[in-house]
Amino acid sequence: MTRVDLSTVRILIADDNSHMRRIVRTLLNSYGARDITEAEDGAEALELFKASGPDIVITDWIMPIFDGLELTRMIRSEDASGNPYVPIIMLTGHSEKKRVVEARDAGVTEFLCKPISAKGLYMRVLNCIVNPRPFVKSKTFFGPDRRRFTNPHYAGEERRTEPAPQQAENG
C-alpha cells in the first residue's frame, strides 16, 4: 500500500454524529493528518470550507440544515466556493446504487459506505491525492470525471479528448 505524508493536508469533516467525526479524525490522525476541522451540519461545513480552504472534504450525506449532497453542490458552485475543485468524499450509510449515482452526479469525488474501515478511508484519501480525477464542465455538470477507467467493451460515441486516468488500488 502506498504511503503518503498527510501532515500538511487540510481536511474538513462534516458529520452530525460526533462519534463518527471522532472515529474519522482518529483514523486520519493515525495516518499522519494533523490539520483537521470538524463541522456538525452543512451550514457550518460551508462556513469552515470558505474560511479554512481544506484540501479534502469528507462529508456525511444526512445532516441538519443542509445535507452532504447540497454541501457538495454548493462547493462545486463557482459562486459560493473558493475552490470548486476540492476532492469531496461522501461518507454514508446509504449504499443503494441510486444514491451512489446521485452523489456522483452532484460532484462527489469518492464514495465510502458506513461502517467504514481504516483501509477504505485511507484509500479514498490516497486516491484524492495520488490519483486526482480531471474535472468536467458541461451545461449540466461540473465535477470530477465520472468515468474512472477505459471500458474496452464501450460501444458508444467516444467524447473524451484524453485517455482515462489509471485507477488506483481501492480498499
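Ile 11 is in contact (heavy atoms within 4.5 Å) with Leu 28, Ala 33, Asp 35, Ile 36, Thr 37, Pro 54, Ile 56 and Ile 58, leaving aside its neighbours within four places in sequence. The model is predicted: local features need pLDDT of at least 70, side-chain atom pairs count only at pLDDT 80 or more, and totals for chains, interfaces and linings use all residues. Residues are numbered from 1 along each chain as its sequence is written, and side-chain values use heavy atoms, with hydrogens and water left out.

**Cores**

Ile 11 is one of the residues with the most contacts inside the largest nonpolar core, together with Val 24, Leu 28, Ile 58 and Leu 121; this core has 23 residues. A nonpolar core is a set of buried Ala, Val, Leu, Ile, Met, Phe, Trp, Tyr and Cys residues joined through side-chain atoms within 4.5 Å. Buried means under 20% relative accessible area, exposed over 50%, and partly exposed in between (1.4 Å probe, protein chains only). Two or more residues of the core come from each of β1, α1, β3, β4 and α5, and α5 gives the most, with 6 residues. A second, separate core has 13 residues, including Leu 12, Ala 14, Phe 49 and Ile 75.

**Sheet**

Helices (H or I, at least four residues) and strands (E, at least two) are DSSP runs, numbered from the N terminus. Two strands pair if DSSP finds at least two bridges between them. The open sheet is built from 5 strands in the order β2-β1-β3-β4-β5, with parallel pairing. From one strand to the next the twist averages 20°.

| Pair | Bridges | Residues opposite each other |
|---|---|---|
| β1 and β3 | 4 bridges | Leu 12 and Val 57 |
| β1 and β2 | 5 bridges | Ala 14 and Ala 39 |

β1 is mostly covered, with 4 of its 5 residues buried. In a regular strand the side chains alternate between the two faces of the sheet.

Leaving aside neighbours within four places in sequence, Cys 113 is in contact with Thr 92 and Ser 95. Cys 113 and Ser 95 are 18 residues apart along the chain, and their C-alpha atoms are separated by 6.0 Å.

**Helices**

Two packed helices are described by the angle between their axes and the distance between the axes. Axes are lines fitted to C-alpha atoms, for helices over the stretch in contact, and angles run from 0 to 180 degrees between N-to-C directions. Helix α3 (residues 68–76) packs with helix α4 (residues 97–106) at an angle of about 20°, and their axes are 9 Å apart. That makes α3 roughly parallel to α4 (angles under 35 degrees count as roughly parallel, over 145 as roughly antiparallel, 65 to 115 as roughly perpendicular and the rest as oblique). On the α3 side, Leu 69, Thr 72, Arg 73 and Arg 76 meet Glu 102, Ala 103 and Ala 106 in α4.

Leu 126 lies in helix α5 (residues 118–130) and is buried, with a relative accessible area of 8%. Not counting residues up to four places away in sequence, Leu 126 touches Thr 2, Val 4 and Asn 131. Leu 126 and Met 1 are 125 residues apart in sequence, yet 9.9 Å apart in space, C-alpha to C-alpha.
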